[in-house]
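Here is a short briefing for a first look at this structure. Please keep the sequence and the 3D view at hand.

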Amino acid sequence: FHRMHHRRVVQEKNQLLKDLKRLKSHYQSYDPALKSLKYKYETVMKEKMLLKLERDKLKSKVEALEQHIRSWESLQTSFGETQEQPKQQTNKPKQQKLKHSKDSPWPTDTMNPHLNARYDIPLIDRFQLRKSYTGHKAAISGVAIHPRKPIVATVSDDMTWKLWALPRGELIMSGEGHKDWLSACHFHPKGTLLGTASGDGSIKIWDFMKACCAGTLTDHGNVVWDVNFHDAGDFFVSASMDHTARLWDLNSMRCRSTFRGHVDSVNSVFFQPFSSNFVTGSADKTVSLWDIRSGKCIQTFYGHGNAVAGTTFNLRGDTIASCDADGVVKVWDIRMVSERLSLNSSRSNERFSSNQVSFDSSGSLIAVASDNSSILIFSTEDGKLVSTLNGHEDGVQSVVFDPHGQYLVSSSSDQTFKLWAM
């Protein structure tokens, strides 16, 4: 009896082994099918994204054509009216007409509300790393803070931009469309649009309400390094490797002026608050101030020994800060047209590039994004180093103060952006 039972167990065991081998071989036959289905799914998703991009492109082209048709119709109407007007009206003074039906009027200089305001100096010595966020697959080249809400925008070498809610770091929105890495971004003063600059030579305007690209501008002949909106919101400027800066009209979505004068790449651009002037920093080692109405250079500041990487204004609009590839930061008084301070952010014999500078709201502190993986905070009163914020594992590419002085945000080539606060 036991022998028969043993044989039966052995037979069942052998049958189970055969079944296992058969199931294993059956599973292996499904593995390539699963890989094929995964590949097909990824292909379909890519095609879906491409179709979406093509749709946005066609939509922008249609809008441009409609604008063109409307402009022609308005020109024909105005021409017919001028033909019918009596000759006695020719003595009336002529009003200057805009060249394009949707062109915005030139902005006027308004009273700067920050001119006589007094803001508290942030207690920067108490600032510590509060949170680190990883959200991109490549270096984060630029960061911008929303003008009204605790929201941060980041742009990366992975060709995407993203919006994050602070302080938890929840992803709100992301966008793709550029064909190369992104270099910088800036919020519209109302916070409803985002401008991005890219290595593909284009600038894109993204509409948050419509969740789409509102316009693509490709007049630059080379990499676009920076973009910055005017306080009124109707214009923005860009800086490019093609040695020029350009002024763009947000309403007509066209280039209104091209500013030539630099003899090398224009790396940075920033509007003077509540003014029609803006500053540029160039690889030709100069910092220039321009008037958008005349299209001319007002003043050029000399003193940097290497390519200028970043420029900015304080809120009062009377001081410019610029940084260069040697790690030197200079503070300029535009009223006296002179250099106020020269700061060296390299603390050793080895020189590290300073990639960007940012004033706090009081104008008493300057944050410097350094290629030595740190953020250096200097006083604008005496030029002394107030604090050093360490935490990044690679060069810091961008840094910006919160308008209220409560925190500071930085981005780095280590694929992270960090929040620093008390």
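Which residue takes a positive phi in the hairpin of E26 and E27? Gly405 does, with phi near 75°. That hairpin has 5 residues between its strands. The model is predicted.

**Hairpins**

- Strand E26 spans residues 396-401. Of its 6 residues, 5 are buried, so the strand is mostly covered.
- E26 is joined to strand E27 (residues 407-412) by 5 bridges. The two strands run antiparallel.
- Within this pairing, Val400 stands opposite Val409 in E27.
- Strand E16 (residues 286-291) pairs with strand E17 (residues 297-302). The sense is antiparallel, and the pairing covers 5 bridges.
- Val287 faces a residue in E17: it stands opposite Phe301.
- The hairpin of E16 and E17 has 5 residues between the strands. There, Gly295 takes a positive phi near 75°.

**Aromatic pairs**

- A pair of aromatic rings is described by two values: the distance of the centres and the angle of the planes.
- The count comes to 13 aromatic pairs.
- One of them joins Trp161 and Trp206. Their ring centres are 5.3 Å apart, with 55° between the planes.
- Trp161 is buried, because its relative accessible area is 3%. Trp206 is buried too, with a value of 6%.
- Phe301 and Trp332 form another tilted pair.
- Phe301 is buried at 3% relative accessible area. Trp332 also counts as buried, at 3% relative accessibility.
- Trp161 and Trp206 also belong to one aromatic cluster, together with Phe187 and Phe208.

**Backbone exceptions**

- Most residues other than glycine have a negative phi, and most peptide bonds are trans.
- The peptide bond from Leu166 to Pro167 is cis, with omega near 5°. Pro167 lies in the loop between E4 and strand E5 (170-176).
- His243 has a positive phi, near 75°, and is not a glycine. It lies in the loop between strand E11 (235-240) and strand E12 (244-249). His243 counts as partly exposed, because its relative accessibility is 32%.
- Lys285 is not a glycine either, yet has a positive phi of about 75°. Its place is in the loop between strand E15 (277-282) and E16. At 39% relative accessibility, Lys285 counts as partly exposed.

**Buried and exposed sites**

- Is Ser387 buried or exposed? Ser387 is buried, because its relative accessible area of 13% falls under 20%.
- Ser387 is found in strand E25 (residues 385-390). Leaving aside residues up to four places away in sequence, Ser387 touches Ile124, Ile375, Leu376 and Ile377.
- Leu17, Leu20 and Leu23 make a nonpolar surface patch of about 290 Å².
- Leu20 lies in helix H1 (residues 2-84). Leu20 is exposed, because its relative accessible area of 55% is over 50%.

Conventions
Residues are numbered from 1 along each chain as its sequence is written. This is a predicted model: local features need pLDDT of at least 70, side-chain atom pairs count only at pLDDT 80 or more; totals for chains, interfaces and linings use all residues. Side-chain values use heavy atoms; hydrogens and water are left out. Patches are made of residues with over 30% relative accessible area and no salt bridge: like charges are joined within 9 Å, nonpolar side chains (Val, Leu, Ile, Met, Phe, Trp, Tyr) within 5 Å. Accessible areas come from the Shrake-Rupley method with a 1.4 Å probe; for residues, only the protein chains shown count as cover. A salt bridge is a side-chain nitrogen of Lys or Arg within 4 Å of a carboxyl oxygen of Asp or Glu. Helices (H or I, at least four residues) and strands (E, at least two) are DSSP runs, numbered from the N terminus. Buried means under 20% relative accessible area, exposed over 50%, partly exposed in between (1.4 Å probe, protein chains only). Two strands pair if DSSP finds at least two bridges between them. Contact means heavy atoms within 4.5 Å. Rings of Phe, Tyr and Trp (its six-membered ring) pair if their centres lie within 6.5 Å; planes under 30 degrees apart count as stacked, over 60 as edge-to-face and the rest as tilted.
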